[in-house]
Protein chains: 2
Amino acid sequence: MSKTEQKRDVFFAIADPSRRKLIRILADADELPLHEITAKFEMGRTAVSKHLTILKEADLVRNRKIGRETRYQLNPGPLEEVKDWLAYYEKFWIERAAILKNILED
Amino acid sequence: MSKTEQKRDVFFAIADPSRRKLIRILADADELPLHEITAKFEMGRTAVSKHLTILKEADLVRNRKIGRETRYQLNPGPLEEVKDWLAYYEKFWIERAAILKNILED
DNA sequence: AGATTATGACACCATTTGGTACCATATCAT
DNA sequence: ATGATATGGTACCAAATGGTGTCATAATCT
């Protein structure tokens, strides 16, 4: 009945290469219907649709019906969670880079 | 025989919450042996070890044997790939935030 | 030496993942 | 009205994932 409206982890959503490709395509195209998106992949429509569903569950994608087609759009907001997570570790690799630089300067 | 030396995607490696917890623990502790790490989790040693193997395959973790224990250390470098990936989309949510800000200012 | 500890290496298992094919339904074109 | 197109939904499947338990081995302690 209802969509079950599952909540998906953004880290899981971006783990798959096909889904990252989807994100990129949508970022560059603003809004696209499923059949056009499918044309850019090797896999079938059902598989693409499933990936889009997962992205939607992570709220990385929004969609609306226009006539018989469903158009998808990127919603990059949730990527900020990834950025925030990364921020904690940034200092580590910056420190390491600095240390390495110092070593190389000898 | 040989380690099979599998190459793992960093996006896959960070997709699992337990592995993100591992990364955090190692970031805060510098170097830890497996049994001490395991003590911080609900799951068994074997499972923790498997997660560490995956992190190692993504080169997010290095390890060395000291006596009978294997000590693990974080190697944050590969996280830069994630940062670079994110950089492409950052503008989108910054633009959106700016648009939203403009709307709110009316 | 003998017991304990730390780990690696497997075999095993339930569930999830990523894909397919197929059927039903709604919309559009002629 | 008929046919083609676009999508949703379901059933199905092989492989991967995330766990477990068990056994073997190496290192440490008394």
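## The sheet of chain B

Strand 1 of chain B and strand 3 (residues 69–74) of chain B run antiparallel to each other, joined over three bridges. (Pairing here takes at least two DSSP bridges between two strands; helices, H or I of at least four residues, and strands, E of at least two, are DSSP runs numbered from the N terminus.) Across from B:L32 you'll find B:Y72 in strand 3 of chain B. Everything here comes from a predicted model, where local features need pLDDT of at least 70 and side-chain atom pairs count only at pLDDT 80 or more, while totals for chains, interfaces and linings use all residues. Residues are numbered from 1 along each chain as its sequence is written, with chains lettered from A and ligands numbered from 1 in the order in which they are written.

Zoom out and you get an open, antiparallel sheet of three strands in chain B, in the order 1-3-2. Strand 1 (31–33) and strand 2 (61–66) of chain B sit at the edges with a single partner strand each, so each has one side without a neighbour in the sheet. On average, neighbouring strands are turned by 30° against each other, direction ignored. Helix 2 (residues 17–29) of chain B packs on this sheet and touches strand 1, strand 2 and strand 3 of chain B, its direction making about 90° with that of strand 3. (Contact means C-beta atoms, placed from the backbone, within 7 Å; axes are lines fitted to C-alpha atoms, for helices over the stretch in contact, with angles from 0 to 180 degrees between N-to-C directions.)

## Two copies, one axis

Chain B can be laid on chain A by a turn of 180° and a shift of 0.1 Å along the axis, giving an RMSD of 0.1 Å. The two copies are thus related as by a two-fold rotation axis. (The superposition is by least squares on C-alpha atoms of residues with pLDDT of at least 70 in both copies.) Within chain B, the residue that comes closest to the axis is B:A15, its C-alpha at 3.0 Å.

## Where the chains meet

In the interface, 15 residues of chain B are in contact with 15 residues of chain A. On the chain B side, helix 1 (10–13) and helix 5 (79–104) are the elements that give two or more residues, and helix 5 gives the most, with eight. That side divides into twelve nonpolar residues, one polar and two charged. (Ala, Val, Leu, Ile, Met, Phe, Trp, Tyr, Cys and Pro count as nonpolar, Asp, Glu, Lys and Arg as charged, and the others, Gly among them, as polar.) Since 100% of the interface residues of chain B are also interface residues in chain A, the copies meet through the same surface.

## Around the DNA

DNA strand D is surrounded by 19 residues, the closest being A:P33, A:H35, A:E69, B:G44 and B:G67. (A residue is near a strand if its C-beta atom, placed from the backbone, lies within 6 Å of it.) Helix 4 of chain B gives the most to this surface, four residues. By type, the surface has four nonpolar, nine polar and six charged residues.

DNA strand C also has 19 residues around it, with A:G44, A:G67, B:P33, B:H35 and B:E69 the closest. Here the largest share, four residues, comes from helix 4 of chain A.

## Out at the end

B:D106 lies in the segment after helix 5 of chain B. B:D106 is exposed, with 4 other C-beta atoms within 10 Å. (Exposed means 12 or fewer such atoms, buried 20 or more, and partly exposed in between, with C-beta atoms placed from the backbone.) B:D106 and B:T38 are 68 residues apart in sequence and 54 Å apart in space, C-alpha to C-alpha.

Definitions and conventions: Contact = placed C-beta atoms within 7 Å.
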